[in-house]
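Student: Could you walk me through this model? I'd like to go piece by piece and ask as we go.

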Amino acid sequence: MAQIELQGVSKKFSPKDDRYAVEHLTYTIPDGSFVSLLGPSGCGKSTTLNMIAGLESVTEGSIVVDGKAVEDLEPHKRDLAFVFQDYALYPHLSVADNIAFGLKMRKIPKAEIDRRVLESAEKLELENHLKRRPKALSGGQRQRVALARAIARRPGVLLFDEPLSNLDALLRDKTRAELKLLHADIGATSVYVTHDQEEAMSLSDVIAVMSAGRLEQYGTPAEIYRTPATEFVAGFVGKPRMNIFDATVVGPHRVRLDGTSLEVEVPEADLDGHTTVRLGLRPTECTLEPGSETEHDGTIMVVEPLGNATDIMLRLGEGVFIVREPGFSTLAPGDHVRLDAREAEPHVFDAETGNRLG
Ligand code: ATP
């Protein structure tokens, strides 16, 4: 197993680039933990993973594994295995030979290879498919072969680049749960790239949220959800998205959402000398009540029943506000409603920097 320290790691693909693809990442991935790199397309997740793997060079900074700088080591000299989105299996080899491939390259004795192939195949329920070629398997089974191949090596570090994104929704959920069990079983330090916040939340001990090459927040799923460090994190994590509005400070503890008469209580410290802020409210923490033509906060635009909940979009001032209600709703488009945010945990951000206040 292994602890991975990123020390000021930056990447420029060309000296002429005026922008870093990855900029000054400094954090520690603890030994045996499962850490996700989460962010939108192009934010630098894969580049970061590839630098840890040695598939990309590091422009500045250092990657230290168990106290030893590894950024100048060839990938095969680093104690890690990679699981790719497209599985990267050898089509002409059987499942058993695919799983054994990395072990043969390392000149491990045949009896030991056979033992490890069987053990890995059993962990991933592939023992009845060992003689098949990858093309005779489903997408989910191919991904399991890629996983079996990675764990057969018994590496200290497992690296995953969007490994579930080619699977359909049902299989993705099932494989996600299996990955979690597998991690608990083998305990290798795991670094997992995804743009899917739900995947990151459900799998990880710690999440590194990235945007435009930079680290926005490094924290547990609960920290990232409950106390997002920036407006970006607040908007990226949680479904439906957090409602984030411009707001004007109207009292020591009060802000009013711009363009509306809706006022929300916030902790005094959060306002600290500001006259305007950005205010975030989670859709699951707000409720709606029927209003009238003359007395209402907003008008319903869209009602989306989901079975266990209903998402309701309303026009509020100049913006659109989402409320998620449990079960089915009796509200309909065109209805005038009052919005109740008294039970909601307000998230307050600096209007200029987007940083959390308070
Ligand atoms: P995705 O989820 O779409 O793969 P990502 O978050 O993994 O996105 P990266 O692939 O790491 O993002 O890309 C980060 C930035 O670096 C992007 O602006 C991308 O265009 C750029 N980039 C990536 N690879 C190269 C390359 N080989 N040459 C030049 N620029 C690159």
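**Domains, ligand and helices**

Tutor: The domain assignment of the chain, which comes from an automatic or database source, gives domain 1 (4-235) and domain 2 (239-350). This is a predicted model, in which local features need pLDDT of at least 70 and side-chain atom pairs count only at pLDDT 80 or more, while totals for chains, interfaces and linings use all residues. Residues are numbered from 1 along each chain as its sequence is written.

Student: How many residues of domain 1 are in contact with domain 2?

Tutor: There are 5 residues of domain 1 in contact with 8 residues of domain 2, where contact means that C-beta atoms, placed from the backbone, lie within 7 Å. Helix 8 (residues 231-236) gives the most to the side of domain 1 that touches domain 2, with 3 residues. Helices here are DSSP runs of H or I with at least four residues, numbered from the N terminus.

Student: And how far apart do the C-alpha centres of the two domains lie?

Tutor: The C-alpha centres of domain 1 and domain 2 are 38 Å apart.

Student: Switching topic, what surrounds the ligand?

Tutor: The shell consists of Phe 13, Ala 21, Gly 39, Ser 41, Gly 42, Cys 43, Gly 44, Lys 45, Ser 46, Thr 47 and His 195, counting a residue if its C-beta atom, placed from the backbone, lies within 6 Å of the molecule.

Student: Which residues of helix 3 are buried?

Tutor: Ile 113, Val 117, Ser 120 and Ala 121 are buried in helix 3, with buried meaning 20 or more other C-beta atoms within 10 Å of a residue's own, exposed 12 or fewer, and partly exposed in between, all C-beta atoms being placed from the backbone.

Student: Why are they on the same side of helix 3?

Tutor: Because they cover an arc of only 100° around the axis, the arc being that of the directions from the helix axis to the C-beta atoms. On the other side of helix 3, Ala 111, Glu 112 and Glu 122 are exposed.

Student: What covers the buried residues of helix 3?

Tutor: The cover includes helix 2 (95-105) and helix 4 (139-152). In helix 2, the buried residues are Val 95, Ala 96, Asn 98, Ile 99, Ala 100 and Leu 103, and these pack against helix 3 and helix 4.

Note on methods. Helices (H or I, at least four residues) and strands (E, at least two) are DSSP runs, numbered from the N terminus. Two residues are in contact if their C-beta atoms, placed from the backbone, lie within 7 Å.
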